[in-house]
There are 2 protein chains.
Amino acid sequence: MARIVQKYGGTSVGSVERIKHVASRIQKAQVEGNELVVVVSAMGKSTDGLVRLAGEITASPSKREMDMLLTTGEQVTISLLTMALHELGLEATSLTGWQAGMETEASHGNARISHINTDRIEEELSKGKVVIVAGFQGICGTEITTLGRGGSDTTAVALAAALKAERCDIYTDVTGVFTTDPRYVKQARKLHSISYDEMLEMANLGAGVLHPRAVEFAKNYDVPLMVASSMEEVEGTMIEEEVTMEQNLIVRGIAFENDVTKVTVKGLPNRLNTLSRLFSTLSEHKVNVDIIIQNQYDADHVNISFSITQSSLKETLAILQEAQEELQFTDIYFEEELAKVSIVGSGMVSNPGVAAKMFEVLAENEVFVKMVSTSEIKVSVVVDEADMVLAVEMLHAAFQLAEEVEEAEEVATLS
Amino acid sequence: MARIVQKYGGTSVGSVERIKHVASRIQKAQVEGNELVVVVSAMGKSTDGLVRLAGEITASPSKREMDMLLTTGEQVTISLLTMALHELGLEATSLTGWQAGMETEASHGNARISHINTDRIEEELSKGKVVIVAGFQGICGTEITTLGRGGSDTTAVALAAALKAERCDIYTDVTGVFTTDPRYVKQARKLHSISYDEMLEMANLGAGVLHPRAVEFAKNYDVPLMVASSMEEVEGTMIEEEVTMEQNLIVRGIAFENDVTKVTVKGLPNRLNTLSRLFSTLSEHKVNVDIIIQNQYDADHVNISFSITQSSLKETLAILQEAQEELQFTDIYFEEELAKVSIVGSGMVSNPGVAAKMFEVLAENEVFVKMVSTSEIKVSVVVDEADMVLAVEMLHAAFQLAEEVEEAEEVATLS
């Protein structure tokens with residue numbers, strides 16, 4: 001008997017019909033002899049409805065009261081899904097975050113899980129029940145808290161770790177993790193498996209299929225994850241540490257995003273604390289910076305470029321102008337309508353030629369690279385937004401991502 | 001500084017605008033120097049919406065899961081109302097039933113309050129906060145329970161008792177308790193005050209303004225109740241034990257309801273356990289019986305008549321037919337389209353002529369009385385439904401209920 005944690009997102013439980021469908025999938029997994037804990041999100045757009053109600057009352061709702069309000073969403077789903085399971089003749093019980101022992105830090109809106117007291121869940125499982133747990137929510141003392149974005153994924157992975165589950169299955173509205181976004185590149189191929197680190201870097205692939213925080217949690221606690229469709233009965237993608245044939249490939253996938261803006265601050269004094277002062281100023285105002293490049297142009301001065309989202313530009317410029325005297329720079333330049341394209345793969349670390357090949361492909365296609373950033377398993381470039389899809393298609397082809405790799409020999413020639 | 005518990009029902013918090021209005025009323029009461037605990041119901045028709053969702057999934061939802069589902073309704077209201085108070089600059093915090101220490105029996109759907117742990121509420125009050133509590137819900141161990149019909153009224157009264165509040169104000173969509181239902185009788189007059197027992201008997205007056213269970217609770221713990229409008233700034237009705245001028249009146253109000261059916265079981269054996277066996281059989285099947293009349297017609301046999309609601313008739317007949325052999329009766333008769341009209345008043349006990357006057361008024365107006373039932377402060381008659389409104393109007397006039405009584409002398413002549 002395998003113990004499995006399943007998670008169904010908002011779209012998968014977005015209507016009574018879908019809830020019934022999820023119940024039948026749970027029944028199938030139980031009939032196959034599994035012990036099941038199921039984590040669910042709020043139904044479809046119900047969270048948006050609650051947020052809108054709060055917005056009609058105040059422009060700045062208290063985080064505590066937002067947690068109080070939003071946690072009702074999952075509570076509705078767990079009770080309805082449990083009723084649907086009863087209707088199928090299954091023994092099942094629903095548990096809110098606090099009933100499930102999901103203890104968090106004392107923080108509202110974005111709390112981290114501190115401990116899971118699994119006694120109640122174990123008790124219900126020992127009675128042969130399917131346990132339906134409200135995702136996204138926890139408790140600190142007697143205060144209701146929430147885990148923030150991607151919270152239900154995190155609930156599922158954390159429960160799988162605490163319950164020593166064999167696997168955590170994330171059911172969603174896509175069929176798995178793809179080599180790149182299939183909505184843009186029709187050659188995109190679904191991966192059989194992928195490592196945690198690769199998944200983290202590709203978090204934006206496949207329409208935000210899995211929250212990075214949940215992947216990190218799974219990596220830290222060594223929980224095998226499966227991403228699959230809640231609608232179609234097709235094989236999903238496994239996310240795990242073990243190296244399979246496919247994982248020896250150098251490049252595993254291509255992530256990309258548009259709405260990137262590059263900001264360059266010129267003529268900063270070349271001092272030890274220049275970088276820290278500039279980025280502290282921005283982070284104090286909650287501006288998220290992605291790629292950072294420093295360029296010394298004479299002994300006393302540096303230029304610093306960084307990328308931000310289009311929507312942060314106005315605020316960023318205002319913050320910098322405000323701090324011009326303190327930071328002592330001469331000018332600000334910015335360039336809009338850019339995009340970031342990244343190749344991801346854990347085999348890359350031992351293959352210095354991968355970045356070179358990427359630049360070569362881009363140059364051949366006359367795609368001008370404006371910024372570069374590298375990590376052990378990723379190379380990112382910033383290019384014109386107009387070149388984004390072309391760049392992704394060319395890279396997808398050059399790294400042979402559309403081709404299914406099944407022969408060990410073939411893998412050997414690549415690695 | 002007076003400690004006051006306020007309660008606002010579903011209609012009073014049925015929209016964002018109404019919630020804002022309730023917030024401004026709470027602010028007004030706080031500015032007047034009161035310490036406030038506010039109990040709220042689910043918004044308007046939101047509970048109906050949840051019940052409908054459950055109904056689309058199963059015809060027989062588990063009571064535990066219904067509690068899980070329905071308690072989200074008040075949780076939404078408490079958070080929104082608290083946000084609205086913050087928006088007005090008030091310190092406020094919301095508490096669910098379990099956070100407020102509302103402990104109940106281990107029963108789902110209709111639990112009784114067993115104990116209130118007021119520590120958390122006292123702590124929040126001591127910080128100068130307005131405490132917003134979810135009505136209708138409680139906790140048993142770590143299980144979420146609900147108090148059943150009229151639950152939010154009961155929450156408010158129970159909290160007022162536990163917190164030793166000076167008063168419990170029930171704000172609703174009517175302006176108080178009337179001598180009879182103003183929708184039917186335009187001479188109906190709002191009462192300044194009424195005793196607990198009278199209110200219990202008149203529970204159906206004024207569109208079900210207050211649940212009998214809450215009135216009983218208030219009586220047992222001596223909590224003064226005020227019923228008033230959440231919309232209009234007009235004086236409400238006080239429900240309390242003290243005898244005021246007005247309470248010396250013999251008849252205080254007239255309650256009535258239609259959809260009454262009379263069932264007569266004929267030829268039952270005249271034994272000690274005949275009544276108990278008949279009504280145990282009915283109560284086992286949850287049939288609510290109102291008036292009961294036993295009539296012995298020879299040494300060995302009795303006829304028993306009782307009244308039920310129209311909707312229980314079919315089931316009642318089936319149960320009786322099923323049990324005919326066991327109960328040993330000969331026939332069943334029933335009469336539909338009847339109504340019950342009751343005169344209520346605590347002065348009645350010392351005035352034997354009141355019932356006689358009631359029968360006289362009915363006879364003069366050719367209203368035929370089919371059943372009679374009396375208590376110390378109430379006389380009820382069952383009449384044809386077609387005569388109901390006429391009977392109420394005639395009795396209202398005969399007992400001078402439309403007339404404001406303010407002079408002590410005038411009272412003296414009546415009592």
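How many residues does the contact take from chain B and from chain A? I looked this up to start with, and the contact takes 41 residues from chain B and 41 residues from chain A.

**Entry: confidence.** I reminded myself that this is a predicted model, and I checked its scores before going on. For the complex, I found an ipTM of 0.78 and a pTM of 0.81 from the predictor. Chain A has an average pLDDT of 88, and 93% of the residues score at least 70. I marked residues 406–415 of chain A in my notes, as pLDDT stays under 50 there. For that stretch the model has eight contacts beyond four places in sequence.

**Entry: the interface.** I then looked up the area, and chain B and chain A bury about 3300 Å² between them. Carbon and sulfur atoms carry 64% of that area.

**Entry: polar pairs.** I found two salt bridges between chain B and chain A. One I wrote down joins the side chains of B:R120 and A:E143, at 2.6 Å from N to O. I also noted 20 residue pairs in polar contact between chain B and chain A, both residues at pLDDT 80 or more.

**Entry: the chain B side.** Next I asked which elements of chain B give two or more residues to the side that touches chain A. My list reads helix 1 (16–31), helix 2 (46–57), helix 3 (63–87), strand 3 (92–95) and strand 8 (143–146) of chain B. Helix 3 of chain B gives the most, with 17 residues. Sorting this side of chain B by class, I got 21 nonpolar, 13 polar and seven charged residues.

Notes. Residues are numbered from 1 along each chain as its sequence is written. Chains are lettered from A and ligands numbered from 1 in the order in which they are written. Side-chain values use heavy atoms; hydrogens and water are left out. pLDDT is the predictor's confidence in each residue, from 0 to 100. Contact means heavy atoms within 4.5 Å. Buried area is the accessible area (1.4 Å probe) that two parts lose on being put together, summed over both. A salt bridge is a side-chain nitrogen of Lys or Arg within 4 Å of a carboxyl oxygen of Asp or Glu. A polar contact is a pair of N or O atoms within 3.5 Å; within protein, one must be able to donate a hydrogen and the other to accept it, and residues adjacent in sequence count only if both atoms are side-chain atoms. Helices (H or I, at least four residues) and strands (E, at least two) are DSSP runs, numbered from the N terminus. Ala, Val, Leu, Ile, Met, Phe, Trp, Tyr, Cys and Pro count as nonpolar, Asp, Glu, Lys and Arg as charged, and the others, Gly among them, as polar.
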